[in-house]
Amino acid sequence: AAITPPGQSVVDTLRDAVGREKVVGVRPAHRELVRLPGPGRLLLASPSGTWVVKGSSRRRLGPYRMPFWSPRGKYVAAVRDFELYALDPEAKGHVRWSKGLKRRVASPRWSYEGFRIAYFADDTLRISTGDGEQNWGLGNADPSVAPAWQPRTHRVATAGLRGDVRLTDADRKRTLWRVGSGPDGVRALTWSGDGRLLLVLGRTSVRVLGADGRLVGSVPTKGPAVAAAFRPG
């Protein structure tokens with residue numbers, strides 16, 4: 001590809017498509033996104049901070065981590081050390097509000113309509129209203145597993161510190177059910193689009209629970225499990 005002209009054109013096309021990530025034998029092969037291959041916006045986290053990409057334009061929102069879109073992409077929730085932020089991506093990352101805590105903040109997740117944000121302060125699960133005016137705790141949870149809102153509800157699934165899975169009503173501050181730890185812990189939690197099934201990804205297995213916490217099925221992955229998702233619909 002680096003020798004023949006037709007090969008060079010293939011390299012150039014590939015380089016434009018994937019953002020000049022890593023193209024062997026071509027210099028400079030910059031690690032940056034040149035343009036998106038379709039419409040819409042892309043939220044990016046990088047060592048230099050959080051970015052929004054649209055078409056060929058890029059906008060840096062600031063030195064934030066763990067960004068997450070609000071419903072319909074109106075705002076972005078992100079963290080920086082001991083503070084939770086709600087940012088306006090259309091106003092160059094203008095801070096709509098922020099909430100400072102004395103513990104490290106991680107993994108913010110908006111509820112389905114944007115009225116709640118679940119996040120971690122160290123190993124405590126906390127809930128904020130979408131406007132940042134109210135804030136409350138829901139007990140300990142594993143901060144390495146992002147909270148997962150059940151669609152169309154204010155119920156949030158989390159992993160306990162001992163690998164159990166629980167569903168909590170965020171408004172009533174009440175645990176609805178708790179399921180014991182699986183054979184290999186919990187790596188991620190994902191709801192199906194209709195909110196009827198909860199996928200529990202372990203280190204070497206996948207379990208599916210019903211909305212009532214009952215086991216629907218499980219399967220070993222025959223190796224380290226990295227990610228899993230439901231097919232849309």
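Alanine 188 has leucine 201 in strand 17 as its bridge partner. Strands 16 and 17 pair in the antiparallel sense, over 4 bridges. The model is predicted. Strand 16 also gives the most residues to the lining of the largest pocket, 3 in number.

**The hairpin of strands 16 and 17**

- Strand 16 covers residues 188–191, and strand 17 covers residues 197–201.
- The two strands form a hairpin with 5 residues between them.
- Glycine 195 sits in the turn and has a positive phi of about 75°.
- In a regular strand, side chains alternate between the two faces of the sheet.

**The largest pocket**

- The largest pocket holds about 260 Å³ of space.
- Its lining has 16 residues, and Phe68, Arg109, Trp110, Ala148 and Trp149 lie nearest the centre.
- Strand 8 (105–110), strand 12 (148–149) and strand 16 each give two or more residues to this lining.
- By class, the lining of the largest pocket divides into 12 nonpolar, 2 polar and 2 charged residues.

**The second largest pocket**

- The second largest pocket has a volume of about 220 Å³.
- It is lined by 13 residues, and those closest to its centre are Lys74, Tyr75, Trp110, Gly114 and Gly130.
- The lining of the second largest pocket has 5 nonpolar, 3 polar and 5 charged residues.
- Trp110 is among the residues nearest the centre of the largest pocket and among those closest to the centre of the second largest pocket.

- Most residues other than glycine have a negative phi.
- Arginine 72 has a positive phi, near 65°. This arginine 72 lies in the loop between strand 4 (65–69) and strand 5 (76–80). Its relative accessible area is 73%, so arginine 72 is exposed.
- Lysine 222 has a positive phi, near 55°. Lysine 222 lies in the segment after strand 19 (215–220). Its relative accessibility is 83%, so lysine 222 counts as exposed.

**Arginine 58**

- Arginine 58 is found in strand 3, residues 57–62.
- Arginine 58 has a relative accessible area of 46%, so it is partly exposed.
- Arginine 58 and arginine 41 are 17 residues apart in sequence. In space, their C-alpha atoms are 9.8 Å apart.

How values were computed: Residues numbered from 1 in each chain as written. Predicted model: local features only at pLDDT ≥ 70, side-chain atom pairs only at ≥ 80, totals over all residues. Heavy atoms only, no water. Buried < 20%, exposed > 50% of the residue type's maximum accessible area, 1.4 Å probe, protein only. Pairing = 2+ DSSP bridges. 1 Å grid on protein atoms, 1.4 Å probe; cavity = no way out; pocket = protein on both sides within 12 Å on 5 of 7 lines; lining within 4 Å. Points joined across faces, edges and corners; volume = space filled by probe spheres on them. Nonpolar A, V, L, I, M, F, W, Y, C, P; charged D, E, K, R; others polar.
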